[in-house]
Amino acid sequence: MKKQKNKSSKNRFLKDVIIITILLLLILTTMFIRPKQKEVVAEEVQKRVGIPYQVDHIPQSSKRPKVHRKIKYIVIHNTANPASTAKNERDYLTNPVNTSNTSWHIVVDEKEMIEAIPLTEVAHHAGTTDGNEYGIGIEICESGNYEQAEEHAVKLVAYLMKYYKIPLSRVTTHQDFSGKPCPRLLIDRWDDFLRRVEEND
Ligand SMILES: [Zn+2]
(Lines give C-alpha, C1' and ligand atoms only; values in the text may rest on other atoms or scores of the structure.)
Protein backbone atom coordinates (compact mmCIF):
# COMPACT_ATOMS: atom_id res chain seq x y z
CA MET A 1 0.00 0.00 0.00
CA LYS A 2 2.78 2.43 0.96
CA LYS A 3 4.80 1.58 -2.14
CA GLN A 4 1.86 2.47 -4.42
CA LYS A 5 1.45 5.85 -2.76
CA ASN A 6 5.14 6.65 -3.40
CA LYS A 7 4.80 5.75 -7.04
CA SER A 8 1.82 8.04 -7.61
CA SER A 9 3.49 11.03 -5.92
CA LYS A 10 6.56 10.42 -8.08
CA ASN A 11 4.34 10.47 -11.18
CA ARG A 12 2.70 13.69 -10.07
CA PHE A 13 6.13 15.25 -9.52
CA LEU A 14 7.23 14.23 -13.02
CA LYS A 15 4.07 15.71 -14.50
CA ASP A 16 4.72 19.00 -12.69
CA VAL A 17 8.29 19.13 -13.96
CA ILE A 18 7.11 18.59 -17.56
CA ILE A 19 4.44 21.31 -17.28
CA ILE A 20 6.87 23.82 -15.76
CA THR A 21 9.48 23.07 -18.46
CA ILE A 22 6.92 23.62 -21.24
CA LEU A 23 5.80 26.91 -19.66
CA LEU A 24 9.39 28.12 -19.31
CA LEU A 25 10.12 27.27 -22.96
CA LEU A 26 7.00 29.17 -24.07
CA ILE A 27 8.01 32.25 -22.05
CA LEU A 28 11.56 32.14 -23.45
CA THR A 29 10.39 31.83 -27.07
CA THR A 30 8.00 34.79 -26.79
CA MET A 31 10.79 36.82 -25.17
CA PHE A 32 13.39 36.17 -27.85
CA ILE A 33 11.48 35.55 -31.05
CA ARG A 34 9.74 38.82 -31.95
CA PRO A 35 7.51 38.96 -35.03
CA LYS A 36 9.45 40.17 -38.09
CA GLN A 37 8.44 43.54 -39.55
CA LYS A 38 6.58 43.04 -42.81
CA GLU A 39 6.23 45.26 -45.86
CA VAL A 40 3.02 47.28 -46.08
CA VAL A 41 0.23 46.09 -48.38
CA ALA A 42 -0.45 48.66 -51.12
CA GLU A 43 -4.24 48.11 -51.11
CA GLU A 44 -4.42 48.76 -47.38
CA VAL A 45 -2.34 51.95 -47.52
CA GLN A 46 -4.35 53.42 -50.39
CA LYS A 47 -7.61 52.55 -48.66
CA ARG A 48 -6.42 54.42 -45.57
CA VAL A 49 -4.91 57.47 -47.34
CA GLY A 50 -7.42 57.68 -50.19
CA ILE A 51 -4.97 57.91 -53.13
CA PRO A 52 -3.08 55.20 -55.09
CA TYR A 53 0.03 53.63 -53.52
CA GLN A 54 2.34 52.58 -56.35
CA VAL A 55 5.15 50.16 -55.61
CA ASP A 56 7.91 50.93 -58.12
CA HIS A 57 11.23 49.82 -56.63
CA ILE A 58 14.55 51.05 -57.99
CA PRO A 59 17.19 48.38 -58.74
CA GLN A 60 20.08 47.67 -56.35
CA SER A 61 22.60 50.54 -56.38
CA SER A 62 24.41 52.92 -54.01
CA LYS A 63 20.96 54.48 -53.44
CA ARG A 64 19.49 51.08 -52.56
CA PRO A 65 22.15 48.85 -50.99
CA LYS A 66 19.52 46.18 -50.26
CA VAL A 67 20.37 46.06 -46.55
CA HIS A 68 17.63 44.71 -44.31
CA ARG A 69 17.04 46.70 -41.09
CA LYS A 70 14.62 47.24 -38.22
CA ILE A 71 12.33 50.28 -38.56
CA LYS A 72 12.42 52.70 -35.61
CA TYR A 73 11.67 56.16 -37.04
CA ILE A 74 9.60 57.97 -39.64
CA VAL A 75 11.65 60.84 -41.13
CA ILE A 76 9.81 63.62 -42.97
CA HIS A 77 11.23 65.64 -45.88
CA ASN A 78 10.12 68.19 -48.46
CA THR A 79 11.45 67.77 -51.99
CA ALA A 80 12.62 71.44 -52.04
CA ASN A 81 11.48 71.60 -55.68
CA PRO A 82 8.15 73.38 -56.27
CA ALA A 83 7.76 71.87 -59.77
CA SER A 84 8.54 68.23 -59.04
CA THR A 85 5.69 65.67 -58.73
CA ALA A 86 5.88 62.22 -57.11
CA LYS A 87 6.36 60.68 -60.57
CA ASN A 88 9.17 63.18 -61.35
CA GLU A 89 10.90 62.34 -58.06
CA ARG A 90 10.71 58.60 -58.74
CA ASP A 91 12.00 59.06 -62.30
CA TYR A 92 14.91 61.16 -61.05
CA LEU A 93 16.10 58.30 -58.80
CA THR A 94 16.85 56.18 -61.88
CA ASN A 95 17.92 59.04 -64.18
CA PRO A 96 21.58 58.40 -65.20
CA VAL A 97 22.47 62.07 -64.53
CA ASN A 98 21.66 61.51 -60.86
CA THR A 99 24.86 60.01 -59.45
CA SER A 100 24.25 60.88 -55.78
CA ASN A 101 23.58 58.22 -53.12
CA THR A 102 20.54 60.09 -51.88
CA SER A 103 17.27 58.16 -51.88
CA TRP A 104 14.00 57.82 -49.96
CA HIS A 105 11.28 55.22 -49.37
CA ILE A 106 7.97 56.92 -50.19
CA VAL A 107 7.15 60.11 -52.08
CA VAL A 108 3.68 61.65 -51.79
CA ASP A 109 1.98 64.43 -53.77
CA GLU A 110 -1.57 65.70 -54.30
CA LYS A 111 -2.68 62.59 -56.18
CA GLU A 112 -0.48 59.56 -55.45
CA MET A 113 2.18 57.87 -53.32
CA ILE A 114 5.12 55.96 -54.79
CA GLU A 115 7.30 53.50 -52.85
CA ALA A 116 10.79 53.39 -54.41
CA ILE A 117 12.57 51.25 -51.79
CA PRO A 118 11.03 48.51 -49.58
CA LEU A 119 10.42 50.00 -46.14
CA THR A 120 12.39 47.26 -44.37
CA GLU A 121 15.53 48.23 -46.33
CA VAL A 122 18.07 51.00 -45.70
CA ALA A 123 17.79 54.20 -47.80
CA HIS A 124 19.95 57.36 -47.74
CA HIS A 125 17.84 60.38 -46.79
CA ALA A 126 18.57 61.50 -43.23
CA GLY A 127 22.26 62.45 -43.44
CA THR A 128 23.23 60.28 -40.45
CA THR A 129 23.76 56.56 -39.99
CA ASP A 130 21.04 56.33 -37.31
CA GLY A 131 18.42 58.04 -39.48
CA ASN A 132 19.29 56.13 -42.64
CA GLU A 133 19.59 52.78 -40.95
CA TYR A 134 16.37 52.91 -38.95
CA GLY A 135 14.15 55.57 -40.56
CA ILE A 136 11.45 55.42 -43.22
CA GLY A 137 12.17 58.45 -45.46
CA ILE A 138 9.01 60.19 -46.66
CA GLU A 139 9.27 62.99 -49.25
CA ILE A 140 6.36 65.43 -49.42
CA CYS A 141 6.13 67.08 -52.86
CA GLU A 142 5.70 70.83 -53.12
CA SER A 143 4.07 70.68 -56.58
CA GLY A 144 0.37 71.33 -57.30
CA ASN A 145 -1.95 71.43 -54.29
CA TYR A 146 0.61 71.32 -51.47
CA GLU A 147 -1.97 71.35 -48.68
CA GLN A 148 -3.48 68.19 -50.09
CA ALA A 149 -0.07 66.50 -50.38
CA GLU A 150 0.60 67.37 -46.74
CA GLU A 151 -2.77 65.97 -45.65
CA HIS A 152 -1.97 62.72 -47.48
CA ALA A 153 1.35 62.61 -45.61
CA VAL A 154 -0.47 63.06 -42.27
CA LYS A 155 -2.67 60.04 -43.04
CA LEU A 156 0.27 58.00 -44.33
CA VAL A 157 2.35 58.68 -41.21
CA ALA A 158 -0.60 57.81 -38.92
CA TYR A 159 -1.00 54.52 -40.81
CA LEU A 160 2.71 53.64 -40.68
CA MET A 161 2.93 54.46 -36.96
CA LYS A 162 0.18 52.00 -36.22
CA TYR A 163 1.48 49.36 -38.65
CA TYR A 164 5.07 49.38 -37.33
CA LYS A 165 4.22 50.41 -33.72
CA ILE A 166 6.27 53.62 -33.93
CA PRO A 167 5.52 56.19 -31.19
CA LEU A 168 4.92 59.87 -32.07
CA SER A 169 8.26 60.72 -30.40
CA ARG A 170 9.96 58.83 -33.24
CA VAL A 171 8.26 60.77 -36.02
CA THR A 172 11.05 63.21 -36.85
CA THR A 173 12.26 65.82 -39.30
CA HIS A 174 15.33 65.42 -41.49
CA GLN A 175 16.63 68.40 -39.51
CA ASP A 176 16.45 66.39 -36.25
CA PHE A 177 19.12 64.06 -37.63
CA SER A 178 21.48 66.16 -39.73
CA GLY A 179 20.58 69.80 -39.03
CA LYS A 180 19.61 70.41 -42.67
CA PRO A 181 16.56 72.75 -42.76
CA CYS A 182 14.20 70.05 -44.09
CA PRO A 183 11.20 69.66 -44.44
CA ARG A 184 11.44 73.35 -45.29
CA LEU A 185 7.67 73.98 -45.50
CA LEU A 186 6.95 72.19 -42.22
CA ILE A 187 9.73 73.02 -39.77
CA ASP A 188 7.94 76.11 -38.44
CA ARG A 189 4.71 74.13 -38.03
CA TRP A 190 6.20 70.84 -36.87
CA ASP A 191 4.22 70.57 -33.60
CA ASP A 192 1.05 71.25 -35.56
CA PHE A 193 1.95 68.49 -38.04
CA LEU A 194 2.48 66.03 -35.16
CA ARG A 195 -0.83 67.05 -33.59
CA ARG A 196 -2.63 66.38 -36.88
CA VAL A 197 -0.96 62.95 -37.12
CA GLU A 198 -1.96 62.15 -33.55
CA GLU A 199 -5.57 63.18 -34.14
CA ASN A 200 -5.78 61.23 -37.38
CA ASP A 201 -7.19 57.98 -36.22
ZN1 LIG B 1 15.21 66.08 -46.28
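Predicted model: local features only at pLDDT ≥ 70, side-chain atom pairs only at ≥ 80, totals over all residues.
Let's start with the overall outline. The chain has a radius of gyration of 24 Å, whereas a compact globule of 201 residues would have one near 17 Å. Along the principal axes, the C-alpha atoms fill a box of roughly 95 × 40 × 35 Å. The division into domains goes like this: domain 1 covers 1-33, and domain 2 covers 42-199. Their centres, taken over C-alpha atoms, are separated by 52 Å. Over the chain, buried residues make up 32% of the 201. On the contact side, if you take pairs with a separation of 6 or more, 73% of them join residues 24 or more positions apart.

Now the sheet. What is the strand order? Going across, we have E1-E4-E3-E5-E2-E6, an open sheet of six strands with mixed pairing. At the edges sit E1, residues 53-55, and E6, residues 171-173, and each of those pairs on one side only. From one strand to the next, the twist averages 25°.

Let me walk you through some of the pairings. E3, residues 106-108, and E4, residues 113-115, are antiparallel, with three bridges. In that pair, valine 108 has methionine 113 of E4 as its bridge partner. Then E2 and E5 run parallel, joined by six bridges, and there isoleucine 74 is bridged to isoleucine 136 in E5. E2 also pairs with E6, again in the parallel sense, over three bridges. An example there is valine 75, whose bridge partner in E6 is threonine 172.

Is it covered or open?

Helix H5, residues 146-164, lies across E2, E3, E4, E5 and E6, and runs at about 165° to E5. The largest nonpolar core has 38 residues, and the ones with the most contacts inside it are Ile74, Val108, Ile138, Leu156 and Val157. Several elements give two or more residues to this core, including H2, H3 and H7 along with strands E2, E3, E4 and E5. H5 gives the most, with seven residues.

What does it touch once you skip its neighbours within four places in sequence? Val49, Ile106, Val108, Met113 and Ile138.

Alanine 149 is also worth a click, and it lies in H5. Why does alanine 149 count as buried? Because it has 27 C-beta neighbours inside 10 Å, and the cut-off for buried is 20 or more. Not counting residues up to four places away in sequence, alanine 149 touches Val108, Asp109, Glu110, Ile140 and Cys141.

As background, most residues other than glycine have a negative phi, and most peptide bonds are trans. Here, the peptide bond from cysteine 182 to proline 183 is cis, with omega near 0°. You'll find proline 183 in the loop between H6 and H7.

Then there are two positive phi values. Lysine 66, in the loop between E1 and E2, has phi near 60°. Lysine 66 is exposed, because there are 11 other C-beta atoms within 10 Å. Alanine 80 also has a positive phi, about 60°, although it is not a glycine, and that residue is in the loop between E2 and H3. With 14 C-beta neighbours inside 10 Å, alanine 80 counts as partly exposed.

That's my tour, so over to you.

Methods: Residues numbered from 1 in each chain as written. Pairing = 2+ DSSP bridges. Helix = DSSP H or I, 4+ residues; strand = E, 2+ residues; numbered from the N terminus. Axes fitted to C-alpha atoms, helices over the stretch in contact; angles between N-to-C directions. Contact = placed C-beta atoms within 7 Å. Domains from an automatic or database assignment. Core = buried A, V, L, I, M, F, W, Y, C linked by C-beta atoms within 7 Å. Buried ≥ 20, exposed ≤ 12 C-beta atoms within 10 Å, placed from the backbone. Rg over C-alpha atoms; globule rule 2.2 N^0.38 Å.
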